Amino acid sequence: MAHAMGRRPAKWVLTSAGMSVFRIVNDAIIGNHVRSARKAKKLSQSACAALMNISVSYFGRIERGVVRLNLERLIEISNLLDVPITTLLDHCSQNVDTEAAPPSEDARIEQLLEMFRVAGPETTD
């Protein structure tokens with residue numbers, strides 16, 4: 001089944017209040033952030049792909065939002081491009097609640113940032 005660029009079928013979850021909520025993650029927005037960060041570092045797709053041990057084609061698909069990145073890959077890209085992971089995820093997610101108005105943009109950003117604060121800072125030796 002074909003999907004609009006960067007969109008995947010939403011997963012339904014039940015909140016504690018029993019409301020139906022689904023999350024849409026726009027992979028194209030993440031890909032655009034990756035592309036912008038890569039260009040700011042003056043790196044080619046080929047160089048990034050080689051450093052990540054993936055094909056140039058796959059890296060291009062990341063930038064176009066064709067693939068869904070897992071957390072490990074997001075962290076790898078974040079470290080490679082020396083940008084906070086929250087920068088890569090800015091404005092990429094939207095909660096849609098069928099019984100209430102969606103949260104404001106500021107509230108969504110705060111939720112995203114809080115999720116990563118809970119995970120704790122990354123340490124390097």
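Helices (H or I, at least four residues) and strands (E, at least two) are taken as DSSP runs and numbered from the N terminus. The structure is a predicted model, in which local features need pLDDT of at least 70 and side-chain atom pairs count only at pLDDT 80 or more, while totals for chains, interfaces and linings use all residues. Residues are numbered from 1 along each chain as its sequence is written, and side-chain values use heavy atoms, with hydrogens and water left out.

Helix α4 spans residues 71-81, and its buried residues are L74, I77, S78 and L81. Buried here means under 20% relative accessible area, exposed means over 50%, and partly exposed lies in between (1.4 Å probe, protein chains only). These residues of α4 lie on the same side of the helix because they cover an arc of only 100° around the axis; the arc is that of the directions from the helix axis to the C-beta atoms. An α-helix has 3.6 residues a turn, so residues three or four places apart point the same way.

The buried residues of α4 pack against α1 (27-40), α2 (45-52), α3 (56-64) and α5 (85-89), where contact means heavy atoms within 4.5 Å. S78, which is located in α4, is buried with a relative accessible area of 8%. With its neighbours within four places in sequence set aside, S78 is in contact with V83, P84, I85 and L88. At the start of α4, a side-chain oxygen of N70 comes to within 3.2 Å of the backbone nitrogen of E72. Just after the helix, D82 has a positive phi of about 55°.

In α3, the buried residues are F59, G60, I62 and E63. They line one face of α3 because they fall within an arc of 155° when seen down its axis. The elements covering them include α1, α2 and α4. G65 follows α3 and has a positive phi, near 75°.

The axes of α2 and α3 come within 8 Å and cross at roughly 110°. Axes are lines fitted to C-alpha atoms, for helices over the stretch in contact, and angles run from 0 to 180 degrees between N-to-C directions. The two helices, α2 and α3, are therefore roughly perpendicular to each other; angles under 35 degrees count as roughly parallel, over 145 as roughly antiparallel, 65 to 115 as roughly perpendicular and the rest as oblique. In this pair, Q45, S46, C48, A49 and M52 of α2 meet V56, F59, G60 and E63 of α3.

Definitions and conventions:
A polar contact is a pair of N or O atoms within 3.5 Å; within protein, one must be able to donate a hydrogen and the other to accept it, and residues adjacent in sequence count only if both atoms are side-chain atoms.
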